Amino acid sequence: MTWTEKVSMRLAKRLKTEDATYSVGQLAHGIEIFMLNIVNGLALIIISAIFQIFGEVMLLCCLFFLHRLLTGGVHLRNPWTCLLATLSLMIAGGYLLKHLPVLPAPYVQLLVLVGVGLSIAINYRHAPAAHTYVPTNPAIQRRNRFIVLWMLGVGCAISISLVGYTYQYSMAYTLAVLLQSVLLMPSSFRLVSRLEKTFLRG
């Protein structure tokens with residue numbers, strides 16, 4: 001049992017009341033997720049500041065998690081492995097955004113259109129993902145799918161219109177939704193499952 005599990009279990013036992021609708025285990029899990037999110041956020045802030053990509057990383061994170069909250073996606077079982085993977089993705093994405101080459105506006109608009117178009121297709125087919133914290137109620141799933149597809153359409157239009165002013169924001173949106181979409185695909189679930197089994201055996 002990790003230290004976060006121990007701390008969250010102790011807090012859950014103290015917070016649990018007789019009339020509470022959640023079990024100690026459910027409360028502990030929620031507390032642990034909250035703690036890990038704080039650790040994750042602090043790590044992202046510190047590392048992105050060190051590499052001088054704070055703005056890029058924060059923008060990418062906000063756009064990525066805004067969509068992921070509605071759709072879910074593949075999760076790693078080990079919270080610390082998940083933390084490392086999130087850090088790696090966000091820092092790499094922020095570094096890429098910081099060092100994007102200057103391209104003519106029509107090329108950037110085409111990249112946005114293709115990237116967001118792929119994201120719309122993937123979200124239409126796979127959102128919200130199974131086996132995540134997204135509610136399993138079909139009505140809520142349909143609502144979330146509609147909201148995220150609407151957000152992608154509006155986001156695409158805004159991103160294309162912003163290219164003439166600052167294409168970094170347009171590319172940040174495209175990269176964020178592409179990452180979110182890839183994590184919805186069944187192939188991503190299979191890949192993560194194989195990697196976890198390999199490392200567990202090792």
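**Close-up 1. Helix H2, end to end, in a predicted model.** Helix H2 covers residues 24-50, which gives it 27 residues. From its first C-alpha to its last it reaches 39 Å, close to the 39 Å expected at 1.5 Å a residue.

**Close-up 2. The buried residues of H2 and what covers them.** Look along H2 and you'll find Ala28, Ile31, Glu32, Met35, Leu36, Asn40, Ala43, Leu44 and Ser48 buried. An α-helix has 3.6 residues a turn, so residues three or four places apart point the same way. The cover over the buried residues of H2 includes helix H1 (3-15), helix H3 (54-71) and helix H4 (79-98).

**Close-up 3. Where H6 and H7 cross.** Here helix H6 (residues 138-162) meets helix H7 (residues 167-182), with axes that come within 8 Å and cross at roughly 155°. Angles over 145 degrees count as roughly antiparallel, so that is what H6 is to H7. The crossing is left-handed. On the H6 side, the residues in contact are Met151, Leu152, Gly155, Cys156, Ser159 and Leu162, and H7 brings Tyr167, Tyr169, Ser170, Tyr173 and Val177. Sorted by class, that contact between H6 and H7 has eight nonpolar residues, three polar ones and no charged ones.

**Close-up 4. Ala105 and Tyr167.** Ala105 sits in helix H5 (residues 105-126). Is Ala105 buried, exposed or partly exposed? It counts as partly exposed, because its relative accessibility is 33%. Ala105 and Tyr167 are 62 residues apart in sequence, yet their C-alpha atoms are 7.9 Å apart in space. Tyr167 also turns up in the previous view, as one of the H7 residues that meet H6.

Note on methods
Residues numbered from 1 in each chain as written. Predicted model: local features only at pLDDT ≥ 70, side-chain atom pairs only at ≥ 80, totals over all residues. Heavy atoms only, no water. Helix = DSSP H or I, 4+ residues; strand = E, 2+ residues; numbered from the N terminus. Buried < 20%, exposed > 50% of the residue type's maximum accessible area, 1.4 Å probe, protein only. Axes fitted to C-alpha atoms, helices over the stretch in contact; angles between N-to-C directions. Parallel < 35°, antiparallel > 145°, perpendicular 65-115°, else oblique. Left-handed = near helix turned anticlockwise from the far one by under 90°. Contact = heavy atoms within 4.5 Å. Nonpolar A, V, L, I, M, F, W, Y, C, P; charged D, E, K, R; others polar. Expected span 1.5 Å × (residues − 1).
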